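Here is a short briefing on one structure. Take a look at it before reading on.

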Amino acid sequence: MTNAGQEREALPELIFGTYGLPEGSGTTTAVAEALRAGFRAFDCAYSYGNDFYVGRALKASGLAREDFFVTNKVWKTFRGKEKTVEVCKKSLKLMKLSHFDLYLVHWPCPATEDGWQEINLDTWAGMEALLAEGCVRRIGVSNFQPHHLKALTEGGAGTKPAVNQIECHPGFVQEEIVAYCQNAGIALQGWRPFGKKAAAPEDPLIRSIAAQYDATPAQICIAYVRAKGLTPVCRSKTPERMRENFAALSLALSAEDVARIDAMEETYASGYDADNNPPAD
Ligand SMILES: NC(=O)c1ccc[n+]([C@@H]2O[C@H](COP(=O)([O-])OP(=O)(O)OC[C@H]3O[C@@H](n4cnc5c(N)ncnc54)[C@H](OP(=O)(O)O)[C@@H]3O)[C@@H](O)[C@H]2O)c1
């Protein structure tokens with residue numbers, strides 16, 4: 001697999017998540033606030049149902065297209081080459097954009113399903129077609145485990161995924177897939193950096209480390225995900241928290257503090273398993 005045809009410029013260092021924002025024009029308001037707070041990268045997905053409202057905020061910002069970065073994703077009900085191409089173009093239209101900077105396969109076809117390798121390869125063929133057509137600048141995956149990635153390679157996929165976006169936060173790092181991607185030269189993004197129900201910033205260890213750095217617990221979560229080598233994808237509808245989260249970019253944890261967080265028991269995970277318990281439709 002090669003990187004041929006994919007944009008090589010640096011990927012963003014921090015991304016604003018758009019899943020679960022207030023609906024309708026509430027999404028537009030939140031994205032406009034996130035832009036004011038400094039965010040220039042936005043994580044979207046057709047399944048979030050808000051492409052139109054995110055796109056409206058980006059357009060209204062007056063920013064040049066090269067000054068912001070948009071990720072979108074193909075949901076599992078659109079697997080296969082044709083539907084993948086179709087839904088990406090639908091999202092582009094809704095967002096009034098000519099291309100996405102990154103397009104991801106939202107979830108792999110579970111390895112418990114008959115013919116899962118071929119289904120993932122067929123979806124990937126759609127991703128490659130979008131890249132060739134110029135609809136997207138990079139293609140990648142989300143929630144893929146090593147066996148899903150190996151099956152793409154072994155199945156003869158030509159283009160290497162540029163990114164794998166996975167759940168990552170204090171209490172849940174998924175070391176195996178992180179190491180796999182780092183060895184394979186696949187960049188990593190970490191979704192839900194505050195853990196399930198935003199519980200990680202409440203953790204006593206995270207709070208005590210925050211006090212040491214004169215930072216907030218949420219900033220420690222963001223800095224931790226970055227220290228593990230992943231780009232955090234974080235969401236808030238609250239302007240003050242957006243600024244707080246953006247400011248975490250200048251925070252670096254010591255190796256000792258990263259190790260203390262590494263030593264936490266597994267906790268705050270969303271409980272999704274790409275093969276056995278992926279989120280419902
Ligand atoms: N690829 C995938 O399968 C996948 C799955 C899930 C999520 N994602 C992406 O990842 C993004 C982030 O995940 P998420 O939205 O589930 O969770 P998250 O960003 O970890 O947490 C969002 C929650 O944290 C709160 N929060 C934000 N900043 C805070 C701060 N500074 N202090 C305390 N609480 C804070 C927010 O509250 P307020 O809004 O009230 O401020 C909200 O309740 C999503 O929006 C989506 O783009 C991708």
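On one side of helix α3, Glu82 and Lys93 are exposed (12 or fewer other C-beta atoms, placed from the backbone, within 10 Å of a residue's own). This is a predicted model: local features need pLDDT of at least 70, side-chain atom pairs count only at pLDDT 80 or more, and totals for chains, interfaces and linings use all residues. Residues are numbered from 1 along each chain as its sequence is written.

**Helix α3**
- Helix α3 spans residues 81-95, 15 residues in total. Helices are DSSP runs of H or I of at least four residues, and strands are E runs of at least two, numbered from the N terminus.
- From first C-alpha to last, α3 reaches 22 Å, close to the expected 21 Å (1.5 Å times one less than the number of residues).
- Thr84, Cys88, Ser91, Leu92 and Met95 are the buried residues of α3 (20 or more such C-beta atoms within 10 Å).
- These residues sit on the same side of α3 because they cover an arc of only 100° around the axis, taken from the directions from the helix axis to the C-beta atoms.
- The buried residues pack against α2 (51-61), β3 (69-74), β4 (102-105) and α4 (116-133); contact means C-beta atoms, placed from the backbone, within 7 Å.
- Lys96 follows α3, with a positive phi near 55°.

**The barrel**
- Eight strands close into a barrel, in the order β1-β2-β3-β4-β5-β6-β7-β8, with parallel pairing. Two strands pair if DSSP finds at least two bridges between them.
- β3 and β4 pair in the parallel sense over four bridges.
- Asn72 has Tyr103 in β4 as its bridge partner.

Methods:
Two residues are in contact if their C-beta atoms, placed from the backbone, lie within 7 Å.
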